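Subject: Structure handover

Hello,

Here is the structure I promised to pass on. Please open it first, then read my notes below.

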Amino acid sequence: MAKIGIMGGTFNPVHFGHLKMAKSALEQHSLDKVLFIPSGISYMKQDVLDAKHRFYMVQLAIKDEPLFEISDIEVNRAGNSYTCDTLSSLHTLYPDDSFYLIMGADSIFQIECWKNPEQIFSLATILVTVRDDYGLYDVQSKIEALEDKFNGRIHVFTMDPVDISSTVIRNKAKRNEPIDGMVPDVVKHYIHDYHLYKE
């Protein structure tokens with residue numbers, strides 16, 4: 001039985017913060033691998049780059065990481081991408097494996113607004129890292145409340161702060177400013193070659 005980490009998101013674009021989060025979760029919770037799942041149609045975000053480009057960028061970013069894999073399960077699904085549907089499909093595909101949903105603290109405070117949160121908690125253990133504007137005390141309090149409400153399993157992992165965001169990268173690319181050190185070189189070249197994030 002494999003322990004599979006799930007790293008979902010728009011990845012618009014994927015950057016070193018995403019990769020560091022996945023690696024931190026993998027190492028600290030002894031995961032067998034991390035599956036990156038770029039969203040197809042995001043119901044939470046507007047003006048998201050075409051899924052094909054976001055998928056290829058993630059594929060390039062993780063190609064030298066033997067314990068990182070990518071799935072097109074959401075990219076190929078019609079309609080909006082919902083975490084509960086993805087986890088349900090993964091359980092059908094890999095019935096003997098257990099799943100660990102990797103997320104930042106911001107998502108823990110939003111997860112009750114996601115589609116069928118009770119199903120998410122029944123299908124996966126949540127691995128959350130403290131970042132952004134949330135302190136450890138606030139996160140621990142939220143974890144306890146969610147575990148009580150949904151009978152869920154939520155564990156914390158740590159990672160060094162990474163001051164990188166996809167929004168900043170998109171804005172820099174739009175203005176032809178360098179994005180070195182924010183994304184892997186292969187992703188930087190892909191953005192440049194396809195003139196992504198231009199007006």
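Start with the contacts. Among those in the protein chain between residues at least 6 apart in sequence, 75% join residues at least 24 apart. Please keep in mind that this is a predicted model.

Now the overall fold. The protein chain has eight helices and six strands. Along the sequence they follow the pattern β-α-β-α-β-α-β-α-α-β-α-β-α-α. The radius of gyration is 16 Å, close to the 16 Å that the globule rule gives for 199 residues, so the protein chain is as compact as a globular protein of that length. Along its principal axes, the C-alpha trace spans about 50 × 35 × 30 Å.

Next, the inside. Buried residues account for 47% of the 199 residues in the protein chain. In soluble globular proteins, nonpolar side chains tend to be buried together. Here the largest nonpolar core has 33 residues. Val34, Phe36, Met57 and Ile102 touch the most other members. Two or more residues each come from helix 1 (16-28), strand 2 (33-38), helix 2 (51-61), strand 4 (98-104), helix 7 (166-174) and helix 8 (185-193). Helix 1 gives the most, with five residues. Apart from this core lies another, of 26 residues, among them Leu90, Leu101, Ala124 and Ile154.

Take a look at Met57. Leaving out residues up to four places away in sequence, Met57 touches Pro13, Val14, Leu49, Val187, Tyr190, Ile191, Leu196 and Tyr197.

Pro13 has a point of its own. A cis peptide bond joins Asn12 and Pro13, with omega at about 0°. Pro13 sits in the loop between strand 1 (3-9) and helix 1.

Two asparagines also deserve a check. Asn116 has a positive phi of about 50°, although it is not a glycine. Its loop runs between helix 4 (105-108) and helix 5 (117-123). Asn116 counts as partly exposed because its relative accessibility is 30%. Asn176 has a positive phi too, of about 60°, and is not a glycine either. Asn176 is found in the loop between helix 7 and helix 8. With 64% relative accessibility, Asn176 counts as exposed.

Last, the surface and the charges. The accessible surface of the protein chain comes to about 10300 Å², and 48% of it belongs to carbon and sulfur atoms. There are 20 positive and 28 negative side chains. The centres of the two sets lie 5 Å apart.

Best wishes

Key
Residues are numbered from 1 along each chain as its sequence is written. This is a predicted model: local features need pLDDT of at least 70, side-chain atom pairs count only at pLDDT 80 or more; totals for chains, interfaces and linings use all residues. Side-chain values use heavy atoms; hydrogens and water are left out. A nonpolar core is a set of buried Ala, Val, Leu, Ile, Met, Phe, Trp, Tyr and Cys residues joined through side-chain atoms within 4.5 Å. Buried means under 20% relative accessible area, exposed over 50%, partly exposed in between (1.4 Å probe, protein chains only). Helices (H or I, at least four residues) and strands (E, at least two) are DSSP runs, numbered from the N terminus. Contact means heavy atoms within 4.5 Å. The radius of gyration is taken over C-alpha atoms; the globule rule is 2.2 Å times the number of residues to the power 0.38. Accessible areas come from the Shrake-Rupley method with a 1.4 Å probe; for residues, only the protein chains shown count as cover. Lys and Arg count as positive and Asp and Glu as negative; His and the chain ends are not counted. The place of a charge is taken as NZ of Lys, CZ of Arg, CG of Asp or CD of Glu.
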